[in-house]
Amino acid sequence: MNRNPVLYDYWRSSASYRVRIALNLLGLETELRPVNLLTGANQTEDYLSMNPQGLLPTLVIDGKHLTQSLAIIEYLHATTKGSKLLPEKIDGQYQVRQLAYAIAMEIHPVCNLSVAKHVSELTGGGDETKVNWMRHFINKGLTAFEGLLQDTDGPFCFGDQPTMADCCLIPQLYNADRWGVDTTGFARIETVRKTTDGLEPFKVAHPDAVGAPPAE
Ligand SMILES: N[C@@H](CCC(=O)N[C@@H](CS)C(=O)NCC(=O)O)C(=O)O
């Protein structure tokens with residue numbers, strides 16, 4: 001069956017980056033259609049008709065429009081033969097979901113650029129406030145994540161296969177680097193970074209490999 005996946009994404013959107021990694025890990029060749037967040041292309045009538053939240057990404061696959069990156073990854077896992085994005089056993093599934101949620105539901109929402117921008121506007125603190133805000137919450141979240149990784153083994157977040165947890169961690173690390181957060185003290189996190197650095201599904205999904213949309 002040709003599933004015809006089309007991903008509406010943005011090169012630096014970490015939620016989009018998660019789904020790009022997952023699609024690559026599953027070997028699902030996907031057309032990327034950039035939606036430029038800087039020009040508000042996510043707020044057009046056309047885009048909102050697919051994704052009423054006006055957020056990226058949206059995946060069109062199997063004739064459906066899917067939104068919310070973790071729900072998309074779970075859908076891909078459940079519908080793709082041989083997927084290892086979640087472990088087989090419920091205890092492993094629990095741990096992978098716990099790790100993925102720690103990033104997607106705790107770090108990501110407070111570090112959304114629109115949130116940091118609003119805080120800097122409210123406080124009149126400018127760019128310095130924005131940078132401090134990002135650094136504070138990313139560092140706090142990754143410190144907790146490193147603590148959670150003490151309960152798992154392996155070169156990846158969970159065992160010796162990449163899972164949904166790695167799909168979340170690697171984009172979060174890209175953001176940490178972008179905002180100047182020092183992650184060198186997080187030994188397990190750095191092991192996962194090194195393990196995934198050399199892997200094609202992660203390399204091809206990287207924002208630099210995708211590139212900025214032409215209008216920027
Ligand atoms: N929980 C959502 C988060 C999506 C999200 O916040 N996407 C950001 C880019 S990473 C976005 O589209 N922001 C646009 C905006 O805030 O207007 C998911 O996991 O898909």
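Predicted model: local features only at pLDDT ≥ 70, side-chain atom pairs only at ≥ 80, totals over all residues.
View 1. The shell draws at least three residues from each of domain 1 (6–84) and domain 2 (90–203), with domain bounds from an automatic or database domain assignment. The ligand is surrounded by 14 residues, the closest being Ser 13, Leu 56, Gln 68, Ser 69 and Asn 112; a residue is near a molecule if one of its heavy atoms lies within 4 Å of it. Helix α1 (residues 14–25) gives the most to this shell, with three residues; helices (H or I, at least four residues) and strands (E, at least two) are DSSP runs, numbered from the N terminus.

**View 2. Side chains facing the N and O atoms of the ligand.** A ligand nitrogen atom is 2.7 Å from an N or O atom in the side chain of Gln 68. For ligand oxygen atoms, the distance to a side-chain N or O atom is 2.6 Å at Ser 69 and 3.2 Å at Asn 112. Each pair is a polar contact, that is, a pair of N or O atoms within 3.5 Å.

**View 3. The loops holding Pro 57 and Asp 62.** The peptide bond from Leu 56 to Pro 57 is cis, with omega near 5°, and Pro 57 lies in the loop between α2 (45–50) and β3 (58–61). Asp 62, in the loop between β3 and β4 (64–67), has a positive phi near 55°. Most residues other than glycine have a negative phi, and most peptide bonds are trans.

**Notes.** Residues are numbered from 1 along each chain as its sequence is written. Local features need pLDDT of at least 70, side-chain atom pairs count only at pLDDT 80 or more, totals for chains, interfaces and linings use all residues, and side-chain values use heavy atoms, with hydrogens and water left out.

Technical notes
Polar contact = N/O pair within 3.5 Å; in protein donor to acceptor, adjacent residues only side chain to side chain.
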